[in-house]
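This report describes a structure in plain terms. It looks at a single chain, then at the place where two chains meet.

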Amino acid sequence: MEIVKTTQLIKLFKGAEAVNEVNLSIKEGEIYGFLGPNGAGKTTTIRMLLGLMKPTSGEIELFGERIKNHRQHIQTLKKIGSLVESPSYYAHLTARENLEVLRKILGVSKNRVDEVLNIVKLTKEANRPVKGFSLGMKQRLGIASALLGNPRLLILDEPTNGLDPAGIQEIRSLIKEMPGKNGVTVLISSHLLYEIDHLATQVGIITKGKMLFNGSIESLRKKAKHQVAFTTGEIEKAKTILLASGFVPTIDKHSLLLDYIDHEQVAHLVYQLVQENVSIYRVEEKSKSLEDIFLKLTSEENGYVHKNTAG
Amino acid sequence: MFTKILQAECIKLKRKWLWFLLFLGPAGVIGLTLVDYSVRYEYLIQQNPNVWEGLLHELNITLPIAFLLGGTILASNVAHIEYHRSSWKQLLSLPVSRLSVYTAKFVVVMFMLLIASAVLLIGIFGLGWWLGFGLPPSWKTLFVYTFYPFFSAIPFVAIQIWLSMLFKNQSRSLALGIVMSVTMSGMRELPSWFFWQWPMLVFSDYRNTYMITGVIIGVFLYAAGALHFIKKDVA
C-alpha cells in the first residue's frame, strides 16, 4: 500500500513555483530519502503533507485516502509523527514537560513519554529545561516528540541539519531501527546525499521544485557505475574504430567514454586503436560517486555544465 | 479535544511570569490610587459626597490603561510562546483543528484577564476599607465598575490576539496595543464606534450598550481572526 502519494502537486509563492508537479510515491515500510539542495522545495512539500500549507493544485493521498479537506487531514495526522527543520520546543519547560504538552493532545499513555525518552536516550536529562540543551539533544527531543504518538509514518525534515558527525551518526542509527521494529514508514529529507545513503531504500531528488529522479537507491547507484576513458589525438577516427568493435562511446572533450568494460576488453580496444595508428595518450578509469550523480542531476537543472570528476 | 488543548496550553504557561502579572496589574492600579488619595485626600473627599463613587471615578483613570496593557502583553505572550522556538509547525502538525488552537489561546487570555479583574475587585474592596469608606453601598455598582472593562475590552483583546498570532514580530501588535491603551483614556471626543475607547467609558450613560456591543463585536473579531488563522500557511 502506498502510504504517501502526491499527484501533480503544485505550490506557488507569489507566482513562483516552489513545488512544481511533484509526484511522490512511498510504500509501506520504506525509508524514503527526499533529496535536494536548500530551497529546492523539500520543506514546502513536507509542509503540504502535514497540512501546514495548502497546495495550490494537485492531490495528496495519505494511507490510501485522498485528502479532500482539513478535517480529514487531521484524522490522518494521528498516524503521522513529524520533525520539521529547526527544533520546535518550549524553552522554559523541561524535556518531560515538552513531551507532556504533546501527550495531552495526542492522548497517549504517560508511559509512552518514558519510552520515547528512553529511545532517544534523554531519560537522565528529562527534568532539565530544554533551553540548556545542546542542538543534538534538542533534535533528539524532536525525534522523541515525533515518535510519541506511535506513528505509522514518520516525516523527518533535515533531522541532522547542524549536528556534528557523532550527532548525525546517532540520529541515523535511531532512524535505521524504525522500520524493522514496527513497520514504520519513514520519509527523510536532506540536502546531503551521503546522509541518507545506506539509510534510504528509495530516493527522490528534487531541484527548483521539480522531481528529477524517483526510484530505488540501487537504480540511482547504477547511474554511478564506472566508466573507462580513452584520451587520443584523433578522436573521430578512434570513435569509428570503437563503433566498429561494437562499443558505443560518448565524447567528453578529448576523451571517449565507455561504460565499464573489463581488462580483456580494454586490452582488445587498445590493440585495435594502435593497429590503426591512433595515438593513445591515456586510458583511465573514471568513477562517479552517488554524490557526483546527485550534483550532476541538480546542477544541470541550475544551468551549470558539470564536469566529470576523475576517480 | 478542546479541553486537552486547553490543558496543554496551561502546561506551556508553567513558570511563566504572566501569572505574576495578574497580581502586579491590579496592585499597580490600587497602588497608584492609594498614592493619589494620600497626596490629596481632603480634596478628593470633597469632590463627591458619595466617597465610594468618587473612588471608582479615580480608579477609572488607571484601571482601563492597566487592563488594556495587560491584555496586550498576555495576547502577545501566548503567541510568542509558539513563535519563540518555531513551535507552530509542531503544534499544528498534530491532529488538532486550528480553530480549537486559536480558541484555546483566546480563552486562556480572557480567563487570565478575568482573574485579574477578580483580583482587582478584592483590591478595590480592600482600598475602600483602608481609606475608611467602610463597605461599598452597592455591590452591584462595584461589580459593574470592575468587570465592565473586561467585557467592553473584548474587541480590543481580539484584535491583539489576531495580530499577535499573525505576525512573528511581536513589536507590531505590542506597538498598537500600547499606543491604543495609553492614548485612548484621554480621547473621549472620538466617535462612539471606536471600540478601543469603550473600556474607558464606564461612566458614560450608555455603558450597558458598550458592554453588550463589546461582547458582540468581540466575538465577531475573534471569529474573523480565527478564520484568518485557519486559512494561513504556516512557514
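The radius of gyration of chain B is 19 Å, which agrees with the value near 18 Å that a compact globule of 235 residues would have. The model behind this value is predicted. Along its principal axes, the C-alpha trace of chain B spans about 60 × 40 × 30 Å.

Which kinds of element does chain B have, helices or strands? Chain B has ten helices and zero strands. Read from the N terminus on, its elements therefore run α-α-α-α-α-α-α-α-α-α.

Of the 235 residues in chain B, 43% are buried. The contacts within chain B can also be sorted by how far apart the partners lie in sequence. Among contacts between residues at least 6 apart, 82% join residues at least 24 apart.

Chain B also touches chain A, and the contact takes 28 residues from chain A and 24 residues from chain B. On the side of chain A that touches chain B, the elements that give two or more residues are α2 (70-77), β7 (80-84) and α3 (95-106) of chain A. Which of them gives the most? That element is α3(A), with seven residues.

| Class, side of chain A that touches chain B | Residues |
|---|---|
| Nonpolar | 15 residues |
| Polar | seven residues |

Methods:
Residues are numbered from 1 along each chain as its sequence is written. Chains are lettered from A and ligands numbered from 1 in the order in which they are written. This is a predicted model: local features need pLDDT of at least 70, side-chain atom pairs count only at pLDDT 80 or more; totals for chains, interfaces and linings use all residues. Two residues are in contact if their C-beta atoms, placed from the backbone, lie within 7 Å. Helices (H or I, at least four residues) and strands (E, at least two) are DSSP runs, numbered from the N terminus. Ala, Val, Leu, Ile, Met, Phe, Trp, Tyr, Cys and Pro count as nonpolar, Asp, Glu, Lys and Arg as charged, and the others, Gly among them, as polar. The radius of gyration is taken over C-alpha atoms; the globule rule is 2.2 Å times the number of residues to the power 0.38. A residue is buried if 20 or more other C-beta atoms lie within 10 Å of its own, exposed if 12 or fewer, and partly exposed in between; C-beta atoms are placed from the backbone.
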